[in-house]
Amino acid sequence: MNRPASDTIFAPGPLVLAGMIVIAALTRVLPHPPNFSPVEAVALFGGAYFASKRWAFAVPLLGMLLSDLALAAINGGLYATWFGNGGIWLVYLCVALTTAMGLGLRGRVSGARVLGYSLMGSVLFFLVTNFGAWLFQPVPTYPMTAGGLAAAYIAGIPFFQWTVLGTLFYAALLFGTFALLRQRVPALRAQTV
């Protein structure tokens, strides 16, 4: 059975998308302000452009896993124990949910839409991961009450600005670079959404 070129990761379009996502995800190992990362941007980008929904979800999640493994290998200790905490699965859930949001950009990518979706993805990440920080705290910091949850959200506010800025930066970089590539390489337009 022959599969369409867009359904294989080794076709030029999906291969370029996968490479861009993995490289962006691996920038997490570079020094950066807390939460200034490509997490939400790679998910939106994958959802927006992979013709195969399977690859749209798999590649951003794989990119995140590779970068988390690299961070654990580099930093060890506390970061490595993060894999045993339920909070990491909420981060991966955010990646999947943001990829699903990115499906709404298919064939409708514009600067304004990418901006709006990036802001929505950042808010989603803030809400879900701070809930996870409260729910799965390894050392009890916040009481397991509504007040404790509110305290966890308040503690996350200083990091939220970096989440937004990181998402906007990486979204502009990924979507902008790929738009330029698609203009210059027609095969990329035929194998991506």
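In the predicted model, Phe 178 is buried, with a relative accessibility of 0%, and it lies in helix α7, which comprises residues 146–184. Leaving aside residues up to four places away in sequence, Phe 178 touches Val 16, Leu 17, Met 20, Phe 45, Tyr 49, Leu 188 and Thr 192. The UniProt entry, which is unreviewed, annotates residues 9–30, 117–139 and 159–181 as "transmembrane region"; over residues 159–181 the chain of the model is 100% helix and 0% strand, with 33 Å between the end C-alpha atoms.

Several of the residues touched by Phe 178, including Leu 17, Met 20, Phe 45 and Tyr 49, also take part in the packing of helix α1 against helix α2. The axes of α1 (residues 12–26) and α2 (residues 39–49) are 10 Å apart and form an angle of about 175°; as angles over 145 degrees count as roughly antiparallel, the two helices are therefore assigned to that class. On the α1 side the contact is made by Leu 17, Met 20, Ile 21, Ala 24 and Ala 25, which meet Val 42, Phe 45, Gly 46 and Tyr 49 of α2. By class, this contact has eight nonpolar residues, one polar residue and no charged residues.

The loop between α1 and α2 contains Asn 35, which has a positive phi of about 75° although it is not a glycine. Asn 35 counts as partly exposed, at a relative accessibility of 33%.

Helix α3 (residues 53–75) has 23 residues, which at 1.5 Å a residue should span 33 Å, and the distance of 33 Å between its end C-alpha atoms agrees with this expectation. The buried residues of α3 are Ala 56, Val 59, Pro 60, Gly 63, Met 64, Ser 67, Asp 68, Leu 71 and Ala 72. The helix is followed by Gly 76, for which phi is positive, near 55°.

Arg 106 is placed in the loop between α5 (87–102) and α6 (111–135). Its relative accessible area is 19%, and since buried means under 20%, Arg 106 is classed as buried. With residues up to four places away in sequence not counted, Arg 106 touches Gly 47, Ala 48, Phe 50, Ala 51, Ser 52, Lys 53, Ala 56 and Val 193.

How values were computed
Residues are numbered from 1 along each chain as its sequence is written. This is a predicted model: local features need pLDDT of at least 70, side-chain atom pairs count only at pLDDT 80 or more; totals for chains, interfaces and linings use all residues. Side-chain values use heavy atoms; hydrogens and water are left out. Axes are lines fitted to C-alpha atoms, for helices over the stretch in contact, and angles run from 0 to 180 degrees between N-to-C directions. Helices (H or I, at least four residues) and strands (E, at least two) are DSSP runs, numbered from the N terminus. Angles under 35 degrees count as roughly parallel, over 145 as roughly antiparallel, 65 to 115 as roughly perpendicular and the rest as oblique. Contact means heavy atoms within 4.5 Å. Ala, Val, Leu, Ile, Met, Phe, Trp, Tyr, Cys and Pro count as nonpolar, Asp, Glu, Lys and Arg as charged, and the others, Gly among them, as polar. UniProt positions are given in the numbering used here, feature names are shortened, and annotations may be inferred rather than shown by experiment. The expected span of a helix is 1.5 Å times one less than its number of residues. Buried means under 20% relative accessible area, exposed over 50%, partly exposed in between (1.4 Å probe, protein chains only).
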